[in-house]
Amino acid sequence: MSRFVYADNAATTKITPNVLDAMMPWLTEGYGNASSIYSKGREALRALNEARETVAAALGAQAGEIYFTSGGSEADNWAIKGVAHTLAKKGKRHLITSVFEHHAVLHTMDSLRKEGFEITLLPVTDKGLVRVEDVAAAIREDTALVSIMYANNEIGTIQPIPEIGKLCREKGVLFHTDAVQAVGNVPIDVKEQNIDLLSLSGHKLHAPKGVGALYIRRGIVLPNLIDGGAQEKSKRAGTENVAGIVGLAEAIRTACTDIEGRAARVKKLRDRLIDGLLPIPRCCLNGDREHRLPGNVNISFEGVEGEALLLWLDQNGICASSGSACTSGSLDPSHVLISLGLPHEVAHGSLRLTLGDFNTVEDVDYILSVVPGVIERLRAMSPLWERIIANEK
């Protein structure tokens, strides 16, 4: 192995030195329980309060609107189930989402469907975008919630969140967005964008795994997802993960300090990678190129099996993905790519490369030096590729 390149930042990111430094005092001497009244407990509580203010400031929210969770999936569950169960008492049992959401949203919606709620799954364009007019057409008198992800985790397409938020506010419908991939990568202001609930996760932006947050707009009251103690204003029981929460706050603070400058640097790498891969015969970029996360590259190669491609890249020191890490064990093609209208055999040959702050031009050029040869070797062994070539003749 001549080089190691980590290009799967959408799956998870490494903890940065400044985040680890911020966490260390709370992993060692600052071990007090934030619910305790003695000095060590009060120190931990101050750290939690400061972290809450930092996260809120990054989102344009108020500190009292931020609730810390174990991650994005918990935040999604709490937001969606909480709104559904609350507004069902008022006869609102209809929810709207899109066909290519993260499974933390889709499976939560499936669970509610089994309880008798009606779920509308909106289609997306072949470029991976939700149409605002489709949201408008789907809203009914009994609609409780619209949940549309801020940016897709597989193809990186950024959705028209401000427009959807404005529509929902005008219609009097609550709006939730899974912003796990977006926080730290694009500017977000929950007030300006009319977002009522927002989910985020620390390990996507160089904080540790197992910590996230849910923004709940002031005035919205959700039932508890976890009952027990009085933590998180008695809404989310469980002794707080002080070190993880401090790390999350430091990671968000760092990511949002120069968000446009960081995005511009990573976007240059992304475009260099896309432009270098697209000349490979019979491949296509998945998702809209303009409305796209700075570091996301998702390309399908006909006549190639995605899992085999990943294994060959791994042998060459390149960490990549064929879709969402949460479903990497599945043999089914990505539901996201199928929603774009890709045939199953093309969707199976997808490659997701997600670049971040620590990637370099040299990383990109190394990927470009490896991928074409791997594609050529895999196609040479593929009966599917033989049929594709035969059909062309």
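Five bridges join strand S10 (residues 296-301) to S12, and the two run antiparallel. Strands here are DSSP runs of E with at least two residues, helices are runs of H or I with at least four, and both are numbered from the N terminus; two strands pair if DSSP finds at least two bridges between them. The model is a predicted one, in which local features need pLDDT of at least 70 and side-chain atom pairs count only at pLDDT 80 or more, while totals for chains, interfaces and linings use all residues. Residues are numbered from 1 along each chain as its sequence is written, and side-chain values use heavy atoms, with hydrogens and water left out.

Axes are lines fitted to C-alpha atoms, for helices over the stretch in contact, and angles run from 0 to 180 degrees between N-to-C directions.

A second open sheet holds seven strands in the order S2-S8-S7-S6-S5-S3-S4, and its pairing is mixed. Strand S2 (66-69) and strand S4 (118-122) stand at the edges with a single partner strand each, so one side of each is left without a neighbour in the sheet. The twist averages 20° from one strand to the next. Inside this sheet, strand S5 (residues 143-147) and strand S6 (residues 174-178) run parallel and are joined by three bridges, with Ser147 opposite His176 in S6. H3 lies across S2, strand S3 (94-98), S5, S6, strand S7 (197-201) and strand S8 (212-216), running at about 160° to S7. H4 also packs on the sheet, where it touches S3, S4, S5 and S6, and its direction makes about 155° with that of S3.

These two helices also meet one another. The axes of helix H3 (residues 72-88) and helix H4 (residues 103-114) come within 9 Å and cross at roughly 30°. Their crossing is right-handed, that is, the near helix is turned clockwise from the far one by less than a right angle. On the H3 side the contact includes Ser73, Asp76 and Asn77, and on the H4 side Ala104, Val105 and Thr108 are among the residues met. Asn77, placed in helix H3, touches Gly82, Ala104, Thr108 and Leu225, not counting residues up to four places away in sequence. The C-alpha atoms of Asn77 and Val105 are separated by 7.1 Å, although the two residues are 28 apart along the chain.

A search of the whole structure finds one cavity of 30 Å³ or more, a cavity being a set of points on a 1 Å grid over the protein atoms alone where a 1.4 Å probe fits but cannot get out, with lining residues having an atom within 4 Å of a point. About 320 Å³ of space lies in the largest cavity, the volume being the space filled by probe spheres set on the points, which are joined across faces, edges and corners. Its lining comprises 23 residues, of which Asn9, Asn185, Lys204, Leu355 and Gly356 lie nearest the centre. H9 gives the most to this lining, with four residues.

How values were computed: On a 1 Å grid over the protein atoms alone, a cavity is a set of points where a 1.4 Å probe fits but cannot get out, and a pocket is an open set with protein on both sides within 12 Å along at least five of seven lines; lining residues have an atom within 4 Å of a point. Contact means heavy atoms within 4.5 Å.
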